[in-house]
Amino acid sequence: MATTEDLSAALDAATARALAGGPDRHHAKAAEQGKLEVRARVARLLDPDSLAEDGLLADFELDHEGAAAVITGVGRVDGRSVAVIANDPTVKAGSWTPKTVEKILRLQEKAGKLRCPIVYLIDSAGARIDQQVEMFPGARGAGRIFHNQVRLSGVIPQVCVLFGPSAAGGAYVPAFCDVVIMRDGNASMYLGSPRMAEMVIGERVSLEEMGGARMHTAKSGCGHALVRSDEEGIDWARRYLAYLPSHYRQAPPAAPARQPAPTPPLREIIPADENKPFDMHGVIDHLVDADSFLEIHARWAKELIVGLARLDGRAIGIVASQPKHKGGVLFVDSSDKAAHFINLANAFNVPLLFLADVPGFMIGTQVEAAGIIRHGAKMVSAVSSATVPKLSVIVRKAYGAGLYAMAGPGFEPDACIALPTASIAVMGPQAAVNAVYYNQLQAIADPAEREAETARLRAEYGADIDTLRLASELVIDAVIQPEVLRAELIARFALAADKQRDWPEKHNPVTPV
């Protein structure tokens with residue numbers, strides 16, 4: 001019969017083995033890749049000495065490599081409870097056993113009960129195929145992880161920091177998170193590896209082309225932020241969480257108010273010529289608290305900017321046209337980008353500020369074949385469904401359905417505000433005159449006379465959509481001088497903070513695909 005000393009020694013040995021992770025050669029390989037040890041990742045994420053770990057000894061008898069290959073527990077980030085799931089890549093490349101799956105499921109269920117965010121620190125080669133029957137198909141199998149993620153979506157924030165691979169079915173863990181932060185050079189996610197693609201469909205590609213961090217953050221949109229190191233990725237996650245409540249019934253946490261960073265006046269940032277590009281980041285920096293803007297999806301669909309910021313210390317979400325890129329025209333990807341972000345902000349009670357300088361949605365056979373109508377409808381659907389305080393600012397122009405997508409008057413913004421030189425119309429003067437008067441103008445033989453008549457018609461059209469006339473007709477709620485726009489936004493968001501957020505009762509909307 002084992003003595004107390006024997007049991008204590010056995011516990012110490014099992015604990016030491018679990019804490020050690022995999023063999024030295026795997027630790028050395030991780031160090032060569034510039035990776036932090038898994039427990040260093042967890043320590044950087046959480047407040048000091050705050051982790052309450054669950055399941056440390058799961059599978060400790062399975063082999064000599066820490067077995068379950070995942071750390072699960074609850075700690076604190078800036079004093080608030082946060083659940084963490086962290087793969088250990090030194091243990092058989094972070095691959096899953098049945099106990100790995102069970103640990104993840106239990107932690108998800110705990111986070112749901114505690115109403116606290118989950119951060120997934122992913123670095124895993126996927127399931128151990130030789131144990132698939134025990135972990136893949138059953139009611140407590142790997143599929144249950146994704147089911148839990150969907151059930152928790154919009155209830156608690158879910159963040160993924162991807163340091164290495166997330167392969168095959170495991171790639172859906174990042175896909176179901178609210179944001180995915182990817183480590184440049186190391187992170188990847190794919191349903192089929194390059195080797196599998198070559199074997200099955202005859203395609204020869206590199207890992208980066210198939211599912212690397214640069215590809216996913218610039219082309220597929222599956223990645224929301226590209227970072228250069230493990231440390232930067234974890235810090236990005238901490239910063240992101242600072243804007244969000246712990247769960248959907250809380251308000252976002254406030255921070256001390258700060259003045260904006262020094263910028264030129266808005267009159268100098270925004271050109272009077274509506275066809276001249278400018279960088280909307282300058283407008284954002286002029287309005288929000290200094291160093292508070294956290295851009296999401298910065299590398300993807302650059303014609304639209306989305307991100308979190310603070311206005312007088314309060315968290316807000318920003319959806320802004322980017323005239324510097326493709327003239328700010330909305331495309332398929334930018335529509336999806338906006339819809340996802342609007343739904344995220346609305347889920348967690350983050351007020352939305354729309355900054356519009358949008359010619360409308362893109363036209364042409366290529367975008368029609370790509371489904372611009374249904375993708376644009378996703379964005380309009382998200383704007384329609386959002387019940388958080390919404391302010392829409394027409395910075396320079398909002399034409400066509402672009403007005404609708406940027407929370408125009410028909411979409412119940414708490415106010416639709418315009419700068420004095422802004423325009424709202426079905427289309428701009430140049431396009432409108434061409435559409436309505438093309439044949440009449442072409443019938444004028446003298447080029448100078450034709451040009452003069454074109455200019456007259458454009459001026460007449462411009463007067464019809466003049467901002468003061470739109471204000472007179474109550475199309476817009478206020479015309480604001482650029483110098484007082486920040487103060488106006490602060491005041492209006494404060495007034496709308498306690499608005500009623502009723503929405504018609506139903507099982508779910510049937511949203512565009």
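Q: Why does leucine 474 count as exposed?
A: The relative accessibility of leucine 474 is 69%. Exposed means over 50%, buried means under 20%, and partly exposed is what lies in between (1.4 Å probe, protein chains only). At 69%, leucine 474 therefore counts as exposed. This is a predicted model, in which local features need pLDDT of at least 70, side-chain atom pairs count only at pLDDT 80 or more, and totals for chains, interfaces and linings use all residues. Residues are numbered from 1 along each chain as its sequence is written, and side-chain values use heavy atoms, with hydrogens and water left out.

Q: Where does leucine 474 lie, and what is its phi?
A: Leucine 474 is in the loop between α20 (467-472) and β16 (478-479). Here helices (H or I, at least four residues) and strands (E, at least two) are DSSP runs, numbered from the N terminus. Phi of leucine 474 is near 60°, which is positive although the residue is not glycine. Most residues other than glycine have a negative phi.

Q: What is the phi of aspartate 312, and why does this residue count as partly exposed?
A: Aspartate 312 also has a positive phi, near 55°, in a residue other than glycine. You can find it in the loop between β10 (304-311) and β11. Its relative accessibility is 38%, so aspartate 312 counts as partly exposed.

Q: What makes glutamine 322 buried?
A: With a relative accessible area of 5%, glutamine 322 falls under the cut-off and is therefore buried. Glutamine 322 lies in the loop between β11 (314-321) and α14 (332-347). Among the residues that it touches are Phe278, His281, Lys302, Ile305 and Gly328, leaving aside residues up to four places away in sequence. Touching is a contact, with heavy atoms within 4.5 Å.

Q: Why is the pair of phenylalanine 146 and tyrosine 172 called edge-to-face?
A: Rings of Phe, Tyr and Trp (its six-membered ring) pair if their centres lie within 6.5 Å; planes under 30 degrees apart are stacked, over 60 edge-to-face, and the rest tilted. The whole structure has 5 aromatic pairs. In the one formed by phenylalanine 146 and tyrosine 172, the centres are 6.1 Å apart and the planes make an angle of 65°, so the pair is edge-to-face. It links distant parts of the chain, as phenylalanine 146 is in helix α6 and tyrosine 172 in helix α7, 26 residues apart. Phenylalanine 146 is buried at 17%, whereas tyrosine 172 is partly exposed at 37%.

Q: Why is the pair of tyrosine 404 and phenylalanine 411 called tilted?
A: The centres of tyrosine 404 and phenylalanine 411 are 5.6 Å apart, and 40° lies between the planes. That angle is neither stacked nor edge-to-face, so the pair is tilted. Tyrosine 404 counts as partly exposed at 44% relative accessibility, while phenylalanine 411 is buried at 15%.

Q: How do you know that arginine 41 lies over the face of phenylalanine 163?
A: A charge sits over a ring if NZ of Lys or CZ of Arg is within 6 Å of the ring centre and within 35 degrees of the ring normal. Arginine 41 is 3.9 Å from the ring centre of phenylalanine 163. The charged end of lysine 326 likewise sits over the ring of phenylalanine 331, at 4.6 Å from its centre.

Q: Which residues lie closest to the centre of the largest pocket, and which element gives the largest share of its lining?
A: The largest pocket has a volume of about 1,300 Å³. Its lining has 35 residues, and Ser153, Gly154, Asp178, His340 and Asn343 are the closest to its centre. A pocket, on a 1 Å grid over the protein atoms alone, is an open set of points where a 1.4 Å probe fits, with protein on both sides within 12 Å along at least five of seven lines; lining residues have an atom within 4 Å of a point. The volume is the space filled by probe spheres set on the points, which are joined across faces, edges and corners. The largest share of this lining, 6 residues, comes from α14.
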